[in-house]
Amino acid sequence: PEIGVWDVVAGRVQGLSGLQQPQKGGRHEEEKEPTGSAAEVEEQEQEEGSNLERQQFTKAPAALPRPAFHCSNHQKTITCLQYNSTGSRLLSGGLDHFVKVYSTTGYAVVHSMAYPAPILALGLSPDGNQLVVGMQDGKTIFSSAPFVGPRPGFFRSKTAKDAELFEDLRGFLYRPEKRRDWDRPIVAAPDPSDLQVVARRVQRLEKYDQYLKKFRYHDALDQGLRQYAAKPNTESVMVMVCLLEELVRRNGLRIALVGRTEAGLLPLLMFLGSAVADPRFSSITTTVLELVLEIYSGVVQFSDKVVAQLHFIHSRVSRQVAFLNELSVLEGMLQCISVSAEVQGEKRACAGGAEAVASENSLQEALAQDRLPE
């Protein structure tokens with residue numbers, strides 16, 4: 001559905017200008033002199049005038065005049081149109097439950113009003129303050145404009161070049177009052193009795209945690225190794241240990257280890273070589289090393305770097321085992337010393353107890369002799 005606006009005067013002139021008197025052989029037909037009585041002549045002139053007028057208003061022009069403007073803003077059939085008294089607004093109603101308000105300066109939609117039923121008719125009061133809408137369900141709705149007339153400082157204009165000006169329903173342009181409260185900064189401090197709502201920022205997951213959430217165990221292990229290579233400190237070591245333990249818990253350690261090349265296996269072996277000597281991480285590191293040797297035992301000899309790293313890990317493990325053996329010997333010696341010390345202490349305690357008993361008996365005998373009569 002479209003709305004077309006024509007200039008009625010221009011269309012009438014164009015339609016009349018396309019009419020010409022009938023011609024014969026490229027020349028206008030000569031006028032015939034009236035014959036007969038005066039009454040017959042008058043009747044003949046009236047008949048010719050009526051025929052000419054009928055011809056002017058019934059014969060279509062060669063080309064229809066183009067509309068001055070046309071638009072399509074309704075989704076369904078347009079049923080009614082209405083101008084306001086000043087001609088600055090055009091209202092249209094349609095079966096799509098909407099009333100559109102157009103500005104006649106450019107025929108742009110300045111307002112749109114929705115109704116509960118298809119609209120069949122609408123009317124506007126002469127002052128433009130009352131709108132009546134008739135709907136298909138038989139109901140009629142009366143509505144009024146926000147204000148009756150222009151407020152102080154309002155003026156009417158066809159174009160609004162100032163971006164700070166606003167246009168109301170009746171075509172008046174106005175400048176809104178400044179609200180100083182909007183620009184005032186909030187500097188008030190809360191009272192101790194006020195209930196303060198503290199915004200909590202959701203902690204963003206690390207990259208390896210995001211991969212774990214998506215079950216991409218291979219990428220999660222690679223991300224942890226990259227972070228360890230960038231900053232090989234205690235925190236990154238703990239992150240790697242926790243990541244390996246999480247992979248073991250999810251039964252995804254084998255998935256993360258298989259399919260690795262020399263470039264993907266060397267960072268892992270370097271981490272294991274640095275962490276295998278720490279007694280805190282020996283359990284998880286030995287588990288990973290056993291699985292690596294199980295997966296790559298048949299192809300590990302083709303990479304000199306991997307073999308060298310494995311020899312380095314073997315040497316560190318050997319030194320650690322030797323150190324633990326020495327600690328176990330020392331622990332046995334300390335246990336022997338502590339047992340012998342306990343035995344000597346028990347013996348001393350027994351000897352000291354016997355001496356105390358003998359002294360106590362002698363003291364009792366001496367007291368008994370003193371109490372005997374002379």
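I began with Leu330, which lies in helix 10, residues 304–371. Helices here are DSSP runs of H or I with at least four residues, strands are runs of E with at least two, and both are numbered from the N terminus. I noted that the model is a predicted one, in which local features need pLDDT of at least 70 and side-chain atom pairs count only at pLDDT 80 or more, while totals for chains, interfaces and linings use all residues. Residues are numbered from 1 along each chain as its sequence is written, and side-chain values use heavy atoms, with hydrogens and water left out.

I found Leu330 to be partly exposed, because its relative accessibility is 42%. The terms are set as follows: buried is under 20% relative accessible area, exposed is over 50%, and partly exposed is in between, with a 1.4 Å probe and protein chains only. The areas come from the Shrake-Rupley method with a 1.4 Å probe, and for residues only the protein chains shown count as cover.

Which residues make the nonpolar surface patch of about 750 Å²? I listed Phe323, Leu324, Leu327, Val329, Leu330, Met333, Leu334 and Ile337. A patch takes residues with over 30% relative accessible area and no salt bridge; nonpolar side chains (Val, Leu, Ile, Met, Phe, Trp, Tyr) are joined within 5 Å, like charges within 9 Å.

**Positive patch**

I then looked for charge on the surface. Arg204, Lys207, Lys213 and Lys214 form a positively charged patch there. In this count Lys and Arg are positive and Asp and Glu negative, whereas His and the chain ends are not counted. Each charge is placed at NZ of Lys, CZ of Arg, CG of Asp or CD of Glu. I located Lys213 in helix 4, residues 207–213. Lys213 counts as exposed because its relative accessibility is 62%.

**Salt bridges**

How many salt bridges does a search of the whole structure find? I recorded 6. The rule asks for a side-chain nitrogen of Lys or Arg within 4 Å of a carboxyl oxygen of Asp or Glu.

I looked up Arg216 and Asp219, which form a salt bridge with their closest N and O atoms 2.8 Å apart. Arg216 is partly exposed at 37% relative accessibility, and Asp219 is partly exposed at 25%.

Asp222 and Arg260 form another salt bridge, at 2.6 Å from N to O. I saw that this pair links distant parts of the chain, 38 residues apart: Asp222 is in helix 5 (residues 217–230), and Arg260 is in the loop between helix 7 (253–257) and helix 8 (262–275). Are these two residues buried or exposed? Both Asp222 and Arg260 are buried.

I next noted the salt bridge between Glu294 and Arg254, at 3.3 Å from N to O. Glu294 lies in helix 9 (residues 282–296) and Arg254 in helix 7, so the pair ties together parts 40 residues apart in sequence. Glu294 counts as exposed at 52% relative accessibility, whereas Arg254 is partly exposed at 41%. I also recorded a network in which Glu246, Arg249 and Arg250 are joined by salt bridges that share partners.

**Cysteines**

I checked for disulfides, defined as pairs of cysteine sulfur atoms within 2.5 Å. The count is 0. Cys242 is partly exposed, because its relative accessible area is 45%. Cys336 is exposed, at 55% relative accessibility.

I placed Val5 in strand 1, residues 3–5. Val5 counts as buried because its relative accessibility is 14%. Val5 and Cys71 are 66 residues apart in sequence, and their C-alpha atoms are 9.1 Å apart in space.

Where is His97? I found His97 in the loop between strand 6 (89–94) and strand 7 (98–103). The phi of His97 is near 75 degrees, a positive value in a residue other than glycine. His97 is partly exposed, at 28% relative accessibility.

Phe215 is in the loop between helix 4 and helix 5. I noted that Phe215 is not a glycine, yet has a positive phi of about 60 degrees. Phe215 counts as exposed because its relative accessibility is 61%.
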